[in-house]
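Good morning, everyone. Please look at the structure on the screen while I talk.

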Amino acid sequence: MTKDKLEMSLVRARCVPDGRSEIISIRVDRDLIEERLISRTEEVLEPGRSRALHLAADHPLHGPVTYLQHITAGAFFVYVGSPEQLEEHVFGPGDWVAFNDNHGLGHASKVGPDGCTRMFHLLRGQLS
């Protein structure tokens, strides 16, 4: 990987016929992130916080967006797949994970037992 590209996980639903979300690996130019950036915020999440299946909702002004997280401390769990048998994926310090599953069944998430600190980037459009 060059320093101009970031390797990250992408949570998406549009390519899965039954509407469930899946996680794939992608590489994204760092410049593209800066060009599409709407906002960037550091967030500290409390241990154990969880959300059932939910979508990466469209933004009221910008339409479809990508929610991009860079984990800087702790752990963040993402669950995708069939609602009856969700697959767990763990992200820790240094990991990047993007969400653009704005249609379908969505994904679930949970903050690790020690909490999680992340840089949250909101990007115009959806990464692919």
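Let me begin with what I mean by a pocket.

Two notes on the source. This is a predicted model, where local features need pLDDT of at least 70 and side-chain atom pairs count only at pLDDT 80 or more, while totals for chains, interfaces and linings use all residues. Residues are numbered from 1 along each chain as its sequence is written, and side-chain values use heavy atoms, with hydrogens and water left out.

Strands β4 (50-54), β5 (65-82) and β8 (107-124) each supply at least two. Strands here are DSSP runs of E, at least two residues long; helices are runs of H or I, at least four long; both are numbered from the N terminus.

What is the lining made of? Nine residues are nonpolar, five polar and four charged. Ala, Val, Leu, Ile, Met, Phe, Trp, Tyr, Cys and Pro count as nonpolar, Asp, Glu, Lys and Arg as charged, and the others, Gly among them, as polar.

Next, salt bridges. Side chains of opposite charge can pair when their charged atoms come close. Our rule asks for a side-chain nitrogen of Lys or Arg within 4 Å of a carboxyl oxygen of Asp or Glu. By that rule there are five salt bridges.

Take Lys5 and Asp29. Their side chains meet at 3.1 Å, N to O. Lys5 sits in strand β1 (residues 5-12) and Asp29 in strand β2 (residues 22-29), so this pair ties together parts 24 residues apart in sequence. Arg12 and Glu22 make another salt bridge, at 2.6 Å, N to O. Arg12 is in β1 and Glu22 in β2, so the pair links parts ten residues apart in sequence. One more joins Glu34 to Arg40, with the closest N and O atoms 2.5 Å apart.

Glu34, at 46%, is partly exposed. Arg40 is also partly exposed, at 38%. For contrast, look at helix α1 (residues 30-36), which holds Ile33. Ile33 is buried, because its relative accessibility is 3%.

Last stop, strand β6 (residues 85-91), the place of Leu86. Leu86 is partly exposed, at 31% relative accessibility. His89 counts as partly exposed because its relative accessibility is 25%. His89 and Phe76 are 13 residues apart in sequence, and their C-alpha atoms are 8.5 Å apart in space.

That is my tour. Questions, please.

How values were computed. Buried means under 20% relative accessible area, exposed over 50%, partly exposed in between (1.4 Å probe, protein chains only).
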